[in-house]
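Subject: Handover of the structure

Hello,

I am passing this structure on to you. Please look through it first; my notes come after it.

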Amino acid sequence: MTLVPARPATRPERPSTGPLIDQFEFGLDAPICLTWELTYACNLACVHCLSSSGRRDPRELTTEECKALIDEFERMQIFYVNIGGGEPTVRPDFWELLDYAVEHHVGVKFSTNGFRITPERAEQLAATDYVDVQVSLDGATPEVNDPIRGLGTYDAAMRAMANLQAAGMTDFKLSVVCTRHNIGQLDEFKAIADRYGAQLRLTRLRPSGRGADVWQDLHPLPEQQRELYDWLVANGDRVLTGDSFFHLSAYGEALPGLNLCGAGRVVCLVDPVGDVYACPFAIHDQFLAGNVRSPGGFDEVWKHSALFEDLRSPQTGGACTQCSAFDACRGGCMAAKFFTGLPLDGPDPECVKGNSAAALAGERVLPGSSQDHSHAGPVRNQPVPLTLLTRRPDQPVARPVSACDASPVAGLSAGPSADRPG
Amino acid sequence: MQEREAWRLSGSVALRPEPFGALAYDFHTRRLSFLKTPRLVDVVRRLGDSNDVGTALTAAEVPDAERPSYLAALTTLASGGLLEER
Ligand code: SF4
Ligand code: SF4
């Protein structure tokens, strides 16, 4: 398997004008969508956790190292970071780091399962513009949510949102990973978000982390993909998607957003031990660009790592470049292909034209994961998967969530006529 | 926006230079916008220290034929709250 899709032999020059997407393909001086997973520790054990979180890693960045990294983000003018985990609030210095980031002009959007968003914490969060919160929920009813996220997690998310609303926080995010079981609940999710004055955010289930174990059983069925697409077209302006669903643009009208895999170009992940990956959904040695503890720090990894330089040129070859929908779909998600054992320059495993069906049915070698911090034994809120979840019996069932934001364009507004000159 | 008005970058907005121009981020609204040419960035940076918008356009050597489109771009930035009148 090639690591990255076919690229031209000599690196093409960055165009000096033209659509932003062409610019983004060549990468930026600093990411615009940086996810920082603060800890692999989590009080939950969600079945689809993209980072296989559960237990704290003893090599976790210290408070001082975290602050130095925030200083570096400030120097690079990374205006905001998406903090996830694990459950970031589990870190004892979480609130201290939040304050430190805000003082250093690094805005924070953090993802949480809501258990620790007490009325007091909600007040604290509502007090600054620099902080946004994203509460994870994967079912509009406990019956759909709790088998994925764990017993009591539906109630905890509702409580957290009620606390945020009572504290006067507006436009925080209700973040939903779309699965086979909740596609029929999109209107209900919207109603829940509206009820709490939150904004609904829908993202794609990717076969990353423990998600690889359950993807086959949870990813939306082909007719549900169509339902989701139609719903997004009808409601597009009022929901965020983190640009997750651009592979669905191949149905016709392009969805709002950039429609580009931003991995290593405008997106990256810093994990709890300081490893830098191309994307939060690509935690694997193959997509490891470097570590923030090495000389030159994050700046050096972002600007000069061989992997990222490699990712920063347009794809020129592969089956998808022949597809009529390539401009809209661009072959879909690199991480989804990788973790399902498909070639990176071929179609997405959920290609809406059915072009990956044959490859999925054939021989595939799944790359597996190169790290796993899952709890070794059961946790308090252990999800009890429905029968539809198949699990290898030798695998411990234990999974937390970090809904994270791999979006190159989450919350972006492109200022239409600021687009113009040139 | 008129050439004789005086504007500046809003206090809550920061610019980050990029090869194509700049990113503009508003810490209050948490909105990210793009300035798609280096010259537009130059104009925006000059606004605060220029007597008026027209002076900033001239100083940034915006060709006469393009002044209307630059004014339109600045108007959009202003309507998004990135610029404020002074
Ligand atoms: S989630 Fe997929 S499409 Fe998005 S940046 Fe990551 S690898 Fe690319
Ligand atoms: S063949 Fe490739 S480009 Fe075409 S729709 Fe499928 S994934 Fe998208």
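Below is what was found, taken chain by chain and then ligand by ligand.

The model is predicted, so local features were used only at pLDDT of at least 70 and side-chain atom pairs only at pLDDT 80 or more, while totals for chains, interfaces and linings use all residues. Residues are numbered from 1 along each chain as its sequence is written, chains are lettered from A and ligands numbered from 1 in the order in which they are written, and side-chain values use heavy atoms, with hydrogens and water left out.

Chain A overall

Chain A has 14 helices and 10 strands; these are DSSP runs numbered from the N terminus, helices being H or I of at least four residues and strands E of at least two. Of its 422 residues, 63% count as buried. Buried means under 20% relative accessible area, exposed means over 50%, and partly exposed is in between, with a 1.4 Å probe and protein chains only. Among the contacts in chain A with a separation of 6 or more, 73% are between residues 24 or more positions apart, a contact being heavy atoms within 4.5 Å.

The cores

In soluble globular proteins, nonpolar side chains tend to be buried together. A nonpolar core here is a set of buried Ala, Val, Leu, Ile, Met, Phe, Trp, Tyr and Cys residues joined through side-chain atoms within 4.5 Å. The largest one holds 105 residues, of which A:F24, A:W36, A:F110, A:L125, A:L202 and A:F298 touch the most other members. Helix α3 of chain A (residues 94-103) supplies the largest share of this core, 7 residues. Apart from this core lies another, of 25 residues, including B:W7, B:L15, B:Y70 and B:A78.

Why is α3(A) described as largely enclosed by the rest of the structure? Because 7 of its 10 residues are buried. They are A:F94, A:W95, A:L97, A:L98, A:Y100, A:A101 and A:V102, and they pack against α2, β2 (80-84), β3 (107-112), α4 (119-126) and β4 (131-136) of chain A. After the helix comes A:H105, with a positive phi near 60°.

A:L202 has contacts beyond its neighbours within four places in sequence: A:V176, A:C178, A:L186, A:L228, A:W231, A:L232, A:L240, A:T241, A:S244 and A:F245.

Loops of chain A

A:S52 sits in the loop between β1 (33-37) and α2 (63-75) and is buried, at a relative accessible area of 3%. Its contacts, sequence neighbours within four places aside, are A:G209, A:R210, A:Q371, A:D372, A:H373 and A:S374.

In the loop between β2 and α3 lies A:G86. A cis peptide bond joins A:G85 to A:G86, with omega about 15°.

Two residues to look at belong to the loop between β7 and β8. A:D243 is in that loop, has a positive phi of about 55° without being a glycine, and counts as buried at 6% relative accessibility. A:P256 is also placed between β7 (239-240) and β8 (267-270). Leaving out neighbours within four places in sequence, A:P256 is in contact with A:G236 and A:D243. A:P256 and A:T241 are 15 residues apart in sequence and 9.0 Å apart in space, C-alpha to C-alpha.

Chain B

Helices α1 (residues 38-47) and α3 (residues 67-79) of chain B pack at an angle of about 65°, with axes 11 Å apart. The axes are lines fitted to C-alpha atoms over the stretch in contact, and angles run from 0 to 180 degrees between N-to-C directions. From α1(B) the contact uses B:R39, B:L40, B:V43, B:V44 and B:L47, and from α3(B) B:Y70, B:A73, B:L74 and B:L77.

B:R30 lies in the loop between β3 (21-26) and β4 (31-35) of chain B. B:R30 has a positive phi of about 60° although it is not a glycine, and at 23% relative accessibility it is partly exposed.

Ligands

Around ligand 1 there are 11 residues, of which A:R206, A:C261, A:C279, A:C333 and A:A335 come nearest; a residue is counted if one of its heavy atoms lies within 4 Å. Ligand 2 is surrounded by residues including A:C320, A:C323, A:C329, A:C351, A:D348 and A:K353.

Regards
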